[in-house]
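User: I've got a model open and want to go through its side-chain contacts. Can you take my questions as they come?

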Amino acid sequence: MTALTKYARLEATGLWRATPDAQRREVIVSIGDATLVISDLKDQALTHWSLAAIERANTGQLPALYHPDGDPGETLELPDNETDMIEAIEKLRRAINRSRPKPGRLRWVGMVASMAVVAALALFWMPGALRDHAIKVVPDVKRASLGTALLKRLERVSGPACESAGGSAALTRLSNRLDVGRVAILPDMTRASLHLPGRLIVLDRAVLEDHEEPDVAAGYVLTEDVARMEHDPLRALLEAVGLRENFRLLTTGDISSEALDAYAEQLLLRPSATPQVDTQLARFAKAELRSKPYAYARDITGETTLPLIEGDPMNGKLTAPLLSDADWLRLQNICGG
């Protein structure tokens, strides 16, 4: 069976030359199974050319000149009156070329696939990996520095952090009693409390001035401390500022002022911390602090804070005062009364 059935009986005459120095011979050309058969006028085969390895030396020109792939010295010339044979050979060559693998296309597909993988890694894996690495390697000193930098930006909205000789000393004693790091008081913050990197907790002055006992302020502090433990504030910062600032922190040790400004604005608009109640109550128990005063300060009806009221770890127990009456008065007046 021939390569193309319609050309099974097709023959043509042409001029064949075995080598560049040889004399051209008139030959009979026919199409066989996978080969182009070149025979002499006595119908004796002189050579067979693989159909898959036929090259044309003068595409689009007549007479058509062919040679085996890799051997341009052996040639076959078909005159312009043998159009049927020329058309058959060209059709066979096109069909064979279509069926061959396209290494250029495969390389292009491979390159596109590689770029897609790299892009996917950059988009989905790299930000998280970079952020996780930064969280591991950023020292506590730098965390504290970032917390202070954010506090300075909050002060632009609220006013400078409240300080007084007696009030600051009382605030330090309260922080040490609760084991929470640093606590700062702002005079006009848009929310009751928040926490920043470097174990820095910020309270609004109203938390001190609007309540009769320090247990409420202490409850806000402990709640922010639990929220800090449940979700690292440095992670929250890095998630907000994006990949570029994460990379900047790792390479230069800083985050741009613009990114910190934008994040400080976000902090003031975020809802209050709502940590897991069980963890929250455990923290109150560790500090030997009543949770009931804080719960009623958050909701005077107690409806939304009922678990904190019913689960008060100090319920029915005698607790030592958090601060002396004098220290509590000094702390309530830390912002000037």
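User: Which side chain does the side chain of E74 make a polar contact with?
Analyst: The side chain of W16, at 3.0 Å. A polar contact is a pair of N or O atoms within 3.5 Å; within protein, one must be able to donate a hydrogen and the other to accept it, and residues adjacent in sequence count only if both atoms are side-chain atoms.

User: What should I know about the model and the numbering?
Analyst: This is a predicted model, where local features need pLDDT of at least 70 and side-chain atom pairs count only at pLDDT 80 or more, while totals for chains, interfaces and linings use all residues. Residues are numbered from 1 along each chain as its sequence is written, and side-chain values use heavy atoms, with hydrogens and water left out.

User: Back to E74. Is it buried or exposed?
Analyst: E74 is buried. Buried means under 20% relative accessible area, exposed over 50%, and partly exposed in between (1.4 Å probe, protein chains only). E74 has no salt bridge. A salt bridge is a side-chain nitrogen of Lys or Arg within 4 Å of a carboxyl oxygen of Asp or Glu.

User: Where is the nearest side chain of opposite charge?
Analyst: That is R17, 10 Å away. Lys and Arg count as positive, Asp and Glu as negative; His and the chain ends are not counted.

User: Where does E74 sit, and what is it in contact with?
Analyst: E74 is in the loop between strand 6 (64-68) and strand 7 (75-78). Helices (H or I, at least four residues) and strands (E, at least two) are DSSP runs, numbered from the N terminus. Leaving aside neighbours within four places in sequence, the contacts of E74 include W16, T47, W49 and Y66. Contact means heavy atoms within 4.5 Å.

User: New topic. How many aromatic pairs are there?
Analyst: A search of the whole structure finds two. Y220 and Y294 form an edge-to-face pair, 5.0 Å centre to centre with 85° between the planes. Rings of Phe, Tyr and Trp (its six-membered ring) pair if their centres lie within 6.5 Å; planes under 30 degrees apart count as stacked, over 60 as edge-to-face and the rest as tilted.

User: What does the Y220 and Y294 pair tie together?
Analyst: Y220 lies in helix 6 (residues 214-230) and Y294 in helix 11 (residues 292-298), so the pair ties together parts 74 residues apart in sequence. Both Y220 and Y294 are buried.

User: Why is the pair of F284 and Y294 called tilted?
Analyst: Their planes are at 40°, with centres 6.1 Å apart, so the pair is tilted. F284 lies in helix 10 (residues 277-286). Ring pairs link Y220, F284 and Y294 into a cluster.

User: Now charges. How many salt bridges?
Analyst: The count comes to 18. One of them joins D232 and R143, with the closest N and O atoms 3.0 Å apart. That pair links distant parts of the chain, 89 residues apart. R143 is buried, at 14% relative accessible area.

User: What about D215? Which partner has it?
Analyst: D215 forms a salt bridge with R290, closest N and O atoms 3.3 Å apart. D215 is in helix 6, R290 in the loop between helix 10 and helix 11. D215 is buried at 9%, while R290 is partly exposed at 27%.

User: And R330 with D327, where do they lie?
Analyst: Both lie in helix 13 (residues 325-332), three residues apart, about one turn of the helix.
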